[in-house]
Amino acid sequence: MGKATGFMDYGRCEAKAVEPLERIKNFNEFHTPLSKEEQQIQGARCMECGVPFCQAGMNIKGMTSGCPLNNLIPEWNDLVYRGNWEQAYLRLHKTSNFPEFTCRVCPALCEKACTCGLNGDAVATKENEMAIIEYAYANGLADPKPPVNRTGKRVAVVGSGPAGLAVADQLNSRGHLVTVFERSDRVGGLLRYGIPNMKLEKQIIDRKLEVMKAEGIEFKTSVNIGKDIKAKKLIDEYDAVVLACGASNPRDIDAAGRDAKGIYFAVDFLASTTKALWDNGLKEGTYISAKDKDVIVIGGGDTGNDCVGTCIRHGCKSIMQLEMMPKAPDVRAESNPWPQWPLVCKTDYGQEEAIAVFGHDPRVYTTTVKEFKKDKNGNLCSVVLVSLQSKVDEKTGRRMMVPVDGTEKEVPCQLVLIAAGFLGSEAYVTDDFKVKLDARTNVASDNESFATSVDKVFTAGDMHTGQSLVVKAIRQGRDCASEVDEYLMGYTNL
């Protein structure tokens, strides 16, 4: 695969990012792609490693190593190197429904497991993926391809995030008639409103949606299943129903003063910016604004970083990002060898921008909020922080992060964004469908199946597994579609 000595002949080269102080002036994607010739050289770096861990998608010590979609990465890297872009697209599309999404938002599990990364720099697989799919759109390869025959079976998909879209795309290609229901005003779920524009411009979603519509999928927006339309009606009218509503319950912070005005969940904050950006060009007063405010983001993950980048674009006065856990090491520990997921400190785009604007990393480790303080009008005016330390609970034996007395510190703050993850599915949906739940309120199933406890009703994505990655949701959607197809037809060729 690739050039036999490519990984020795060529260095890794990535798309150049716009400098932080320049890119924060807008909400656009900020990388300039390599030329086709430069990208082919990157394809040449894919060595004939014998065991392609990049496409394994296996769990090692509880973490995924390699692509969960089992993308045929060495094959299409080789095809990129040889300039056979059409075949590269066909190989990529064989396992991936939405490479235009994953090439932008996936944390590149494939690259972290790349054999070249064992002793050097990994192959730029994620950028090769983007080059392939953008070539496909530019050259008509990704145009609509409606199914030749229809089965007459009707399937309702509730939720239009990556899992729901993958289910719909697969079942439609099989010839079933698919209707996707979305409670928001636009299709896309967290792809639309949970991921900011600078990571995934929304016309990229709309481009794919137009293809899916032309292939026969029906989308109904502003329809809240469980409220606007009850579960029984859906079950009666469709041959199968797939619940792909996500893990939509945000984790809250239990601290004194939580009722102060100026505290929001991250997903609501990010959604308000994206919606205003597309509705009215971010007109002042139409979104939750961080302008001229001291902001604290609670949560050190990708969503927290997205909040940092968004607040800086708003023009915040200051920004602090709290992480409960200690700072990860800068390089792999001996206990975390390749091809495990590297548990190392990553400085993402939002943190880079904060450093450029304010001169320091916004992250504060082993720290959380003890109290929110309000002014006389109930508005948030400051926050009391407290340091944390790791201790073992004597009763349960579990290690926990607990507050350290005497480390309290009050800082000014007018806006808090809670990016502490999600707790599971929303009760009004699961109650209406009467499906069984597991201990974490995810929709339960038996023996790794996607069938729920209710006949005709299936589930996929975060609603089934809990909060996870876009690429894993797509894999869930594909696997669920195969099971639904077999339920409807008695066999499946998906």
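In the predicted model, five strands form an open sheet in the order E9-E17-E10-E11-E12, with parallel pairing. Its edges are strand E9 (263–265) and strand E12 (363–364), each of which pairs on one side only. Strands of a sheet pair through backbone hydrogen bonds, either parallel or antiparallel. Leu322 has Val364 of E12 as its bridge partner.

Another open sheet of five strands has the order E7-E6-E5-E8-E18. Its pairing is parallel. Strand E7 (218–220) and strand E18 (457–459) are the edge strands, and each pairs on one side only. Neighbouring strands of this sheet are turned by 20° against each other on average, direction ignored. Strand E8 (residues 240–243) and E18 run parallel, with three bridges between them. Within this pair, Val242 stands opposite Phe458 of E18.

Helix H13 (residues 266–280) lies across E9 and strand E17 (415–418). The angle between H13 and E9 is about 85°. The length of H13 agrees with expectation, because 15 residues at 1.5 Å a residue should span 21 Å and the end C-alpha atoms are 21 Å apart. The buried residues of H13 are Ala266, Phe269, Leu270, Ala271, Ser272, Thr273, Thr274 and Ala276. An α-helix has 3.6 residues a turn, so residues three or four places apart point the same way. The buried residues of H13 pack against E9 and E17. They also pack against three helices: H10 (190–193), H11 (202–214) and H14 (302–314). Just after H13, Gly281 takes a positive phi of about 70°.

The cysteines were examined next. A disulfide is a covalent bond between the sulfur atoms of two cysteines. With a cut-off of 2.5 Å between cysteine sulfur atoms, the count of disulfides is zero. Cys311 is in no disulfide; its nearest cysteine sulfur belongs to Cys316 and is 5.5 Å away. Cys316 is likewise in no disulfide, with the sulfur of Cys311 as its nearest, at 5.5 Å. Cys311 counts as buried because its relative accessible area is 0%, under the 20% limit. Cys316 has a relative accessible area of 10%, so Cys316 is buried too.

Several loops contain backbone features of note. Most residues other than glycine have a negative phi, and most peptide bonds are trans. The peptide bond from Trp338 to Pro339 is cis, with omega near 5°. Pro339 sits in the loop between E11 and helix H15 (349–358).

Ala108 has a positive phi, near 60°, and is not a glycine. Ala108 lies in the loop between helix H6 (99–105) and helix H7 (109–112). With a relative accessible area of 5%, Ala108 is buried.

Thr366, also not a glycine, has a positive phi of about 45°. The loop that holds Thr366 runs between E12 and strand E13 (367–374). Thr366 counts as partly exposed because its relative accessibility is 21%, and the buried class ends under 20%.

Conventions
Residues are numbered from 1 along each chain as its sequence is written. This is a predicted model: local features need pLDDT of at least 70, side-chain atom pairs count only at pLDDT 80 or more; totals for chains, interfaces and linings use all residues. Side-chain values use heavy atoms; hydrogens and water are left out. Two strands pair if DSSP finds at least two bridges between them. Helices (H or I, at least four residues) and strands (E, at least two) are DSSP runs, numbered from the N terminus. Contact means heavy atoms within 4.5 Å. Axes are lines fitted to C-alpha atoms, for helices over the stretch in contact, and angles run from 0 to 180 degrees between N-to-C directions. The expected span of a helix is 1.5 Å times one less than its number of residues. Buried means under 20% relative accessible area, exposed over 50%, partly exposed in between (1.4 Å probe, protein chains only).
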